[in-house]
Amino acid sequence: MAMEVATPAPAPITAPEIKIVVGPAKTTSVETHKKNRIQVSNTKKPLFFYVNLAKRYIQQHNEVELSALGMAITTVVTISEILKNNGLATEKKVLTSTVGMKDETKGKMVQKAKIEIVLGKSDKFDSLVPPVTNGKTPEEVAKAETEAAVEAQEAAATDA
């Protein structure tokens with residue numbers, strides 16, 4: 001006589017309850033910090049491209065963070081020294097570290113040196129760097145303002 005063994009049916013699988021809360025996005029210091037970060041390469045752009053970009057970032061954000069890996073570290077230090085020696089920036093912070101990266105040619109992990117230099121706007125910056133005027137020189141802006149004032153005076157004289 002054969003005996004049947006009853007097996008219980010498996011219990012239904014229920015997903016864990018997940019609560020989603022939607023609220024205003026929070027800006028972290030990392031997000032705002034990236035707006036004024038320049039990652040420097042010694043092969044992509046010329047040195048003075050980075051110097052001029054750093055000037056613009058200092059003008060807009062009152063500070064700039066220059067960062068580089070490996071052989072580009074010397075380029076970051078040079079950019080920093082040019083800005084400091086010309087009286088445009090002051091050194092706020094220098095961080096050095098090593099980061100693990102995968103070598104594309106060998107396929108193994110290698111350690112690379114990393115530097116981050118934070119420069120702030122110097123007291124003399126605004127007197128040394130002309131304000132941004134949509135690509136026009138300060139002389140062109142002054143000339144346009146003078147011409148507009150003369151035209152306004154002439155228009156007022158003809159209306160009277």
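This is a short talk on helix H2 and the aromatic pair formed by Phe49 and Tyr50.

Keep in mind that the model is predicted.

Start with the helix. H2 covers residues 47-61, so count 15 residues. From first C-alpha to last, H2 reaches 21 Å. The expected value at 1.5 Å a residue is 21 Å, and H2 comes close to that.

Which residues of H2 are buried? They are Tyr50, Val51, Leu53, Ala54, Tyr57 and Ile58. Look down the axis of H2. The buried residues fall within an arc of 165°, so they line one face of the helix.

What covers them? Several elements contribute. On the strand side, the cover includes S1 (37-39), S2 (63-69), S3 (89-102) and S4 (109-121). Helices H3 (73-85) and H4 (125-128) are also among the covering elements.

After H2 comes Asn62. The phi of Asn62 is positive, near 70°.

Now the rings. A pair of aromatic rings is described by the distance of the centres and the angle of the planes. The structure holds 1 aromatic pair. Phe49 and Tyr50 form that pair. Centre to centre, the rings are 5.4 Å apart. The planes make an angle of 80°, and the pair is edge-to-face.

Buried or partly exposed: how do Phe49 and Tyr50 count? Tyr50 has 5% relative accessibility, so Tyr50 counts as buried. Phe49 has 35%, so Phe49 counts as partly exposed.

Methods: Residues are numbered from 1 along each chain as its sequence is written. This is a predicted model: local features need pLDDT of at least 70, side-chain atom pairs count only at pLDDT 80 or more; totals for chains, interfaces and linings use all residues. Side-chain values use heavy atoms; hydrogens and water are left out. Helices (H or I, at least four residues) and strands (E, at least two) are DSSP runs, numbered from the N terminus. The expected span of a helix is 1.5 Å times one less than its number of residues. Buried means under 20% relative accessible area, exposed over 50%, partly exposed in between (1.4 Å probe, protein chains only). The arc is that of the directions from the helix axis to the C-beta atoms. Contact means heavy atoms within 4.5 Å. Rings of Phe, Tyr and Trp (its six-membered ring) pair if their centres lie within 6.5 Å; planes under 30 degrees apart count as stacked, over 60 as edge-to-face and the rest as tilted.
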